[in-house]
Structure formats: C-alpha cells, structure tokens
Amino acid sequence: MEIQWYPGHMAKAKRTLALQLSKVNLAVELCDARLPLSSRNPELDRLLSAKKRVLLLCKADLAEPNQTRGWLAYFASKGVEAMAYDTTPQKTKQAKAMIEKAAAEMLERGLNRGMKKTIRAMVVGVPNVGKSTFINRLYGGAITEVGDRPGVTRSNRWVKVGPYLEVLDTPGLLWPKLTDKLAAVRLAYIGTIRDAVYDQQALCIRLLQDLMSVRRAATCERFKIKNPDVEGLALLEEVCHGRGFLLKGGLLDTDRACAVVLDEFREGKLGRITLEPPPPVKSEPPVKSEPLEKSEPPEKSEQPLKEAGTLERD
Ligand SMILES: Nc1nc2c(ncn2[C@@H]2O[C@H](COP(=O)(O)OP(=O)(O)O)[C@@H](O)[C@H]2O)c(=O)[nH]1
Ligand SMILES: [Mg+2]
C-alpha cells in the first residue's frame, strides 16, 4: 500500500512555515498522543534552529493513558518539555501555563541582556492534529477555523494571550514523515493524511486486522462480526453483514463499511489505543498499570498495535 504526501502540497507548506517561523521566538509543537514520534515532523529541529519549543501530546483522550505516561517520561528523559493535552479547560489552562513559563524564561534571559520585548509564539503540527482547536481553546473562543483545510494562508494576526506573550492565530502546517511505511499507514489510520493517495479499502482492511489482534472483543462487538476468524476482504464483508451495509440486490456496501470503520476508530469508539509504544526510559521506574477504562475490553488493553516497529528517530 503506497502512501504519498503530494510534493506540491509539501513545498507550499514548507514555504509558508519558514516565513511564519522567521517571525516567532517560541514554537508550540503539537503531535498526536497515539503516534507521538511519527506525527512529529522530521525537519522541525532544523526549521526551528535555536528556537524554544514546548510539545503537546494532543488527543490524549483517544490514547491509552499508561502509554501516554510512558511517552511523557520518554520526552522528559530527552529534555523535551511536554504534556498530554485533550482540549478540556483544565488541560488548556495547564498548556497555557507551560507556554507562559517558557516565554517568561526567554523574556528574563532577554531582560538580562538589556532587551525588553514581547515573546511571539506559534502553533505547529501535522494536518488534523488539533492545531486550530487548540488555538481556539487557548483564546477561549472561535478564532481559527477547525477542519481539514490545511495550508490556508491568511494575513498574520497576533493575539495577546499574556502580558508579554502573543500567539499567531494561523497554525503552522507541518508535513509528516512518510518514509517509514508502518508509520505512514498508522498516520493514515488516524486521519493525518486523508487527502494523500492511498487505497481506502486496503487501509481499512489492514486497520480491521490490526484491531482484531489488539481489541478483538471490542471490534467484534462494535461491528457485529459473527465470524472473527476470517481475514482480508472477508473481514470487511463481515462488517457489511453485521452492520447491515447492504446495497440493492443484496450486494455488500464495502465503501460504506470502510468509511464507518475508519470514522469510528478515529472517534475512539473502539477504546483508547496508542499505536506507537513509548521507548523504555532507563532510570525511570516501569510504568504502573492502572485500572482499565470502562469503555475498554478487559483483555490486552494496554498493548500497542502489533508489529510495533522499530523506533528510530530522536
Ligand atoms: N478526540 C479529540 N479530538 C480532537 C482534539 N483536538 C482536536 N480534535 C478533533 O480533530 C479534528 C481536527 O482538528 P483541527 O483543530 O481542525 O486540526 P488542525 O488540522 O491541526 O487544525 C477535529 O475534528 C477536532 O474536533 C482532542 O483533543 N481530542
Ligand atoms: Mg486547522
């Protein structure tokens, strides 16, 4: 299954981002808590050069909490300031405090060198990670459009969110890393590369198979699968039968089944699932298991998807 990020799309995103980044002191990097490495941009380090950065693991409400704790320990061990974020007022307050603290540190350093200025920050992240939603929450109102329209260039607008902190209301679009095929497929699962070229049916079948191996009971229940031991197209057909996705003449509406499976997975209807396991952090005690979330099936609830893949990067 080939997944591509349109080169034109990426070139435009790069140009826009470089221009925006040249105007800020601080970057608020958003990644997806379900894929904390693969949803980070491989070139951001270079693009940011010496700029200060804080990291939010977004959509933490859809990720497995123990795995998220493991990820936070991992980022802490790398000296990256990070927190889990889920759009609640409490987390928004916490995120704002983290950004203001980072800005205050910079401001202080500037003052020591006789500079007095406002710190300017911008939000950056891959498509659909929750940039617009976060900016809106930060301001406490709808200031930026939420939805799948990446790369919409608007005139730069700075919004004051603290006495010495301004945030650019246009989120910076980053392109995901797609050279790692497993990562690319998982980015497609969570909807990062919706407008990329991929075969929806092949993607959906692969997701179903992955789900059957880590959330078997929940998947069978959700999609009313009666014969769980089938694979490939037959599994998708099970969903059509189970959920009644039928066309005239008894034909199976596999397109509808694909759309529903992907949507429901993305909405967290199959439970909280982290697709990329955190690398072990040496000096830290092992992540403790906590009681399972009610919505999750009892078995295997803390497992990342199979074939976790090797975690390179960082
Ligand atoms: N479950 C969940 N969904 C979120 C969260 N943040 C954003 N979303 C949803 O993710 C989708 C993309 O959000 P958006 O802010 O437009 O992403 P952007 O492309 O990065 O600007 C929208 O449907 C949001 O409602 C979150 O923390 N949890
Ligand atoms: Mg947006």
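The model is predicted; local features need pLDDT of at least 70, side-chain atom pairs count only at pLDDT 80 or more, and totals for chains, interfaces and linings use all residues. Residues are numbered from 1 along each chain as its sequence is written, while chains are lettered from A and ligands numbered from 1 in the order in which they are written.

**Nonpolar cores**

Start with Val28, Leu30, Leu56, Leu57, Cys58, Ala121 and Met122. These have the most contacts inside the largest nonpolar core, which has 46 residues. A nonpolar core is a set of buried Ala, Val, Leu, Ile, Met, Phe, Trp, Tyr and Cys residues joined through C-beta atoms within 7 Å. A residue is buried if 20 or more other C-beta atoms lie within 10 Å of its own, exposed if 12 or fewer, and partly exposed in between, with C-beta atoms placed from the backbone.

Next, centre on Leu56. Leaving out residues up to four places away in sequence, Leu56 touches Val28, Leu30, Met83, Tyr85, Ala95 and Phe134; contact is defined as C-beta atoms, placed from the backbone, within 7 Å.

**Helix α7**

Select residues 200–214, helix α7. Helices (H or I, at least four residues) and strands (E, at least two) are DSSP runs, numbered from the N terminus. The 15 residues of α7 should span 21 Å at 1.5 Å a residue, and the end C-alpha atoms are 21 Å apart, which agrees. The expected span is 1.5 Å times one less than the number of residues.

The buried residues of α7 are Cys204, Ile205, Leu207, Leu208, Asp210, Leu211, Met212 and Val214. To see what covers them, show helices including α6 (181–189), α8 (216–223), α9 (233–243) and α10 (254–266).

**Cys258**

Move to Cys258 in α10. Cys258 counts as buried because it has 23 C-beta neighbours inside 10 Å. Beyond residues up to four places away in sequence, Cys258 touches Gln200, Gln201, Cys204 and Leu236. Cys258 and Cys204 are 54 residues apart in sequence, and their C-alpha atoms are 5.6 Å apart.

**Two loop lysines**

Lys59 is in the loop between β2 (52–58) and α3 (65–77), and has a positive phi of about 55° although it is not a glycine. Lys59 has 26 C-beta neighbours inside 10 Å and therefore counts as buried.

Lys224 is in the loop between α8 and α9; its phi is also positive, near 55°. With 12 C-beta neighbours inside 10 Å, Lys224 counts as exposed.

Key:
Two residues are in contact if their C-beta atoms, placed from the backbone, lie within 7 Å.
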